[in-house]
Amino acid sequence: MEYNFSEIEKKWRKHWAENQTFKAEDASDKPKFYVLDMFPYPSGAGLHVGHPLGYIASDIYARYKRLCGFNVLHPMGYDSFGLPAEQYAIQTGQHPAITTEQNVARYRDQLDKIGFSFDWSREVRTSSPEYYKWTQWIFKQLFDAWYNLSTDKAETIEQLLAIFKSAGNANVNAHTDYTTVFSADEWNAKSEQEQSAILMEYRLAYLADSWVNWCPALGTVLANDEVINGLSERGGHPVEQKLMRQWSMRIKAYAERLLTGLEKVDWTDAIKDIQRNWIGKSVGCSVKFSLASSLSDPDTSGLEDNVIEVFTTRPDTIFGVSFMVLAPEHPLVDEITTAEYKAQVEAYKTAASLKSERDRQADVKNITGQFTGAYALHPFSGEKIPVWIGDYVLASYGTGAVMAVPCGDQRDYDFAKQFSIPIKNIFENVAIEEAAYTEKEGVITNSDFLNGLAVKKAMEVAIQTIEANGLGKGKTNYRLRDAIFSRQRYWGEPFPVYYKNDIPYLLADNQLPVILPDVDKYLPTEDGEPPLARAKQAAWNQFEGDRMETNTMPGWAGSSWYFLRYMDPKNETAFVSKEKADYWNQVDMYIGGSEHATGHLLYARFWTKFLYDLGFISFDEPFKKMINQGMILGRSSFVYRVKDSLKFVTNTKKDNYETTPIHVDISLVDNDKLDLEGFKAWRSEFANAEFICEDNGDYICGHEVEKMSKSKFNVQTPDELVDKFGADTLRMYEMFLGPLEQTKPWDTKGISGVHNFLRKLWRLFYQDGSLVLNDAPADKAALKTLHKTIKKVTDDLERFSFNTNVSNFMICVNELTDQKCHAKEVLEQLVILLAPYAPHVSEELWVILGHEAGTISTAKFPTFNPDFLVEDEIAYPVSFNGKMRLKVALPATLSAKEVEEAVMALSDTQKWLEGKAPKKVIVVPGKIVNIVY
RNA sequence: GCGGAUGUGGUGAAAUUGGUAGACACGCUAGACUUAGGAUCUAGUGCCGAGAGGUGUGCGGGUUCGAGUCCCUCCAUCCGCACCA
């Protein structure tokens with residue numbers, strides 16, 4: 001019997017599907033283990049070999065955990081709302097649901113071929129109404145919640161309303177920018193409209209006018225992380241700034257908890273650092289500067305009522321302030337600018353607003369600014385400080401204004417030099433002629449009550465004094481911004497929101513889901529309204545008030561909680577039941593790409609914390625451990641076209657001609673050798689191609705490692721490899737490629753090595769068509785090989801070293817082959833070890849070993865017995881001055897002293913000593929001998 | 001500029017705590033076998049050298065009996081952030 005992988009694999013996939021082998025039970029005596037992959041967006045292109053890499057690793061781990069006696073949850077689904085299906089709909093008119101359905105079917109087909117142990121009964125799709133009903137429901141909870149800083153958690157708006165009605169907002173400590181204080185009576189006297197507007201300032205999901213990244217080509221708003229270098233991530237269209245009324249999520253309320261929560265999770269430092277950086281915490285204090293009116297300019301009278309509030313991380317340098325800078329968009333700019341400077345300030349503001357965010361950032365070297373004519377007063381010295389505007393100050397960070405300390409900040413220093421503003425030095429014994437002194441150490445001078453204090457101490461004293469004088473207070477700022485939650489797209493979740501007199505209201509729970517209505521076209525309306533504005537009233541399954549919300553939710557809405565839905569995917573009365581959420585709890589192992597560091601992974605943590613605050617789940621971090629698989633790069637092939645001709649020259653001779661490299665489809669290339677006829681047939685323009693070949697008549701292509709993409713013709717699909725070599729080979733080969741986390745080039749050359757390994761394994765069972773398995777007790781060498789392998793495989797799995805495990809299996813099979821071992825006793829254990837990696841052939845061999853069909857996934861994982869590894873002899877490497885020169889086999893029982901004596905007695909030792917006496921002999925028992933001479 | 005990661009044969013890589021550098025595999029060389037199979041088997045394969053031997057983990061230093069591994073300087077590549085006060 002031969003190793004017929006295609007029949008074996010087909011048979012077992014059918015068996016698993018029919019018997020629901022991998023269905024997870026919601027309750028079990030076994031401990032639970034949740035292994036999750038980041039679910040894919042089902043794109044039209046299907047899977048390439050890079051996609052399954054993480055899925056294979058997680059599948060191996062899930063299968064391993066099952067063998068270790070865990071109740072494993074290992075689900076899969078689709079993040080099926082998204083732009084490509086919508087773009088396709090715009091072009092063809094085909095409803096995105098149809099496109100999505102087709103793509104999902106193709107993905108499923110491809111995934112099935114690889115033999116994953118997913119529990120498909122739990123599949124979720126973010127675009128199905130049964131799923132997005134609950135996405136809408138969670139949105140409702142966010143709308144109906146505020147953040148209580150006193151309890152440091154989200155609470156319901158109902159609770160907040162009760163306080164407002166009985167006591168006003170004076171004692172409410174909420175995360176909000178709303179500063180007006182009102183009493184209970186005042187609140188109760190307000191109109192519904194006024195109350196709604198105030199509550200909006202507290203809600204975690206809120207409507208606000210915000211500056212957004214507007215992409216005219218896509219007709220939609222994009223999140224910061226969907227914009228790359230001023231272009232849209234999808235499509236590469238230009239993006240501009242625009243003020244729009246948008247739904248936002250008050251994620252800033254969770255900034256500190258998102259930061260501290262990172263300490264509780266087992267993620268790589270790289271991802272944690274990206275998130276920390278994104279949250280961007282900085283500690284300092286706010287300081288209020290009052291404005292001075294000028295006697296000579298009557299225009300400035302009354303200015304002293306205004307204050308400019310700044311945020312600084314260096315309150316210790318307050319006496320170094322020699323000017324202030326406001327962002328051009330700062331609301332006080334118009335008010336404080338004197339008549340003399342009006343025109344120049346207006347011109348500067350206009351110039352700044354015309355520059356895109358991207359230009360402003362790209363233009364760091366070019367220092368620009370404009371004096372406003374106004375002066376502020378130093379809070380301690382009372383000195384007059386000129387107030388400038390400059391676009392290096394960002395309106396969206398801190399207070400949009402800075403106190404400039406040129407001696408301690410390089411940007412302030414450059415600005416001062418540019419505009420000849422005096423620079424005051426407040427650092428003792430530090431030269432600032434060339435550059436600012438930005439170290440946070442040293443001693444402060446020229447600074448009144450801070451004189452003689454070390455920087456750290458001066459910060460404390462400065463904050464104390466500022467607070468004591470009512471000039472400001474200690475404050476922490478975060479760079480993290482609230483997340484815009486509206487998109488002007490069709491293919492996303494509709495909001496469970498309607499408007500009456502322009503006040504937004506939620507639909508009732510029993511009206512959910514609000515189903516995506518049909519529209520005639522998937523484009524924005526002529527007035528720039530989102531596509532849903534095209535829907536006729538009758539097209540909505542729910543319609544209340546004057547109009548429905550026509551924005552849809554962003555892509556990250558559905559993916560921020562899908563891991564919870566897998567726990568209870570069919571629940572019609574809750575997004576997940578409390579019991580099931582308690583049972584399955586956190587994701588124990590999450591595998592996916594690191595590109596989601598500031599998007600999905602941050603939002604999912606935010607929603608998890610929110611749902612935890614409201615008591616729906618009992619954990620506040622979703623992903624306990626995470627591994628980020630590296631990208632698999634493609635290997636592109638090139639042909640070299642001789643300039644102005646249809647001649648193509650082989651790689652080794654291309655330097656003799658003037659050529660242009662052209663990407664050629666990798667399916668036409670085998671081991672760099674081009675299929676000439678295939679190439680001519682590939683594209684009509686090459687039908688009459690001529691070739692300048694190697695001397696043996698072959699045409700050899702050049703190659704380069706690049707990202708896989710259709711346009712580079714270097715996409716390798718898993719399907720053809722599965723057909724050629726089988727899923728078990730593909731699974732093992734993808735693991736064998738290198739460490740999971742590493743970026744690595746794809747190359748099919750090595751796949752035969754893995755395939756040959758499986759054939760060699762098969763030959764331990766069948767040789768020349770007949771079964772060679774025997775019941776005889778295994779000899780010592782075979783047991784040693786087996787237990788050595790058990791140990792290595794277990795250890796390597798625990799540290800997620802999937803690649804070295806493949807070689808462990810190869811070594812094991814090589815040794816057993818050399819030993820001519822066909823003992824059931826040994827092979828049975830080996831097959832269980834291998835089952836997570838090569839599940840199909842393992843199932844087949846398991847049956848051949850006499851077990852019931854389909855039971856290997858519940859077998860017991862072998863345990864390592866060190867007794868089998870005990871050695872009688874150790875081959876000691878002997879080095880001289882650290883260089884290994886010879887080996888000597890000595891009994892394992894020898895003491896260090898005995899080893900030394902035995903080694904010194906060797907004639908070879910004397911030879912290497914060249915007659916010199918050894919100065920020192922180091923013996924590490926069981927390991928090595930080093931002789932220093 | 002800041003933060004993170006990586007750098008080892010012709011190629012993918014291994015070396016978990018400092019202890020034989022290059023396991024395992026691809027490729028290549030030579031040979032065997034044959035029912036010609038993306039077979040199988042044997043031997044070899046870091047570099048220099050006929051050999052003895054020398055040399056070798058991005059560069060340069062250091063610690064140590066011993067360094068791919070620890071410390072310092074520098075270089076290169078990749079990823080993320082970037083006027084964040």
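An open sheet of 4 strands runs in the order β6-β5-β9-β17, with antiparallel pairing. Strands pair here if DSSP finds at least two bridges between them. Helices (H or I, at least four residues) and strands (E, at least two) are DSSP runs, numbered from the N terminus.

This is a predicted model: local features need pLDDT of at least 70, side-chain atom pairs count only at pLDDT 80 or more, and totals for chains, interfaces and linings use all residues. Residues are numbered from 1 along each chain as its sequence is written, chains are lettered from A and ligands numbered from 1 in the order in which they are written, and side-chain values use heavy atoms, with hydrogens and water left out.

- Strand β5 (residues 205-215) pairs with strand β9 (residues 240-249) in the antiparallel sense, over 10 bridges.
- In this pairing, W211 stands opposite L243 in β9.
- A205 is found in strand β5.
- A205 counts as buried, at 0% relative accessibility. Buried means under 20% relative accessible area, exposed over 50%, and partly exposed in between (1.4 Å probe, protein chains only).
- From A205 to N173 is 32 residues in sequence and 18 Å in space, C-alpha to C-alpha.

**RNA strand B**

- Of the 52 residues around RNA strand B, T313, R411, K724, L737 and N803 come nearest. A residue is near a molecule or strand if one of its heavy atoms lies within 4 Å of it.
- Sugar and phosphate make up 62% of the atoms of RNA strand B that come within 4 Å of the protein.
- The residues of the surface near RNA strand B divide into 20 nonpolar, 14 polar and 18 charged. Ala, Val, Leu, Ile, Met, Phe, Trp, Tyr, Cys and Pro count as nonpolar, Asp, Glu, Lys and Arg as charged, and the others, Gly among them, as polar.
- α25 gives the largest share of this surface, 6 residues.
- Elements that each supply at least two residues include α10 (269-279), β11 (307-312), α23 (751-763) and α25 (802-818).
- An N or O atom in the side chain of Q742 is 2.9 Å from a phosphate oxygen of RNA strand B.
- For the side chain of S282, an N or O atom is 3.4 Å from a phosphate oxygen of RNA strand B.
- R759 has a side-chain N or O atom 3.1 Å from a sugar or linking oxygen of RNA strand B.

**Aromatic pairs and clusters**

- A search of the whole structure finds 74 aromatic pairs. Rings of Phe, Tyr and Trp (its six-membered ring) pair if their centres lie within 6.5 Å; planes under 30 degrees apart count as stacked, over 60 as edge-to-face and the rest as tilted.
- The ring centres of Y3 and W762 are 5.6 Å apart and the planes are at 35°, so the pair is tilted.
- Y3 lies in the segment before α1 (5-19) and W762 in helix α23, so the pair ties together parts 759 residues apart in sequence.
- Y3 counts as buried at 11% relative accessibility, and W762 counts as buried at 3%.
- F139 and F495 form an edge-to-face pair, 5.0 Å centre to centre with 85° between the planes.
- F139 lies in helix α5 (residues 129-143) and F495 in the loop between β17 (483-484) and β18 (497-500), so the pair ties together parts 356 residues apart in sequence.
- F139 is buried at 0% relative accessibility, and F495 is buried at 0%.
- F139, F143, W247, F485, F495, W556, Y603 and W607 form one aromatic cluster.

**Charges over rings**

- The charged end of K65 sits over the ring of F33, 4.7 Å from its centre. The cut-off is NZ of Lys or CZ of Arg within 6 Å of the ring centre and within 35 degrees of the ring normal.
- R547 lies over the face of Y499, 4.1 Å from the ring centre.

**Backbone exceptions**

- Most residues other than glycine have a negative phi, and most peptide bonds are trans.
- A cis peptide bond joins L512 and P513, with omega about 0°.
- P513 lies in the loop between β19 (503-506) and β20 (547-548).
- S420 has a positive phi, near 50°, and lies in the loop between α14 (410-418) and α15 (455-468).
- S420 counts as exposed at 65% relative accessibility.
- D448 has a positive phi near 55° and is placed in the loop between α14 and α15.
- D448 is exposed, with a relative accessible area of 52%.

Key. Polar contact = N/O pair within 3.5 Å; in protein donor to acceptor, adjacent residues only side chain to side chain.
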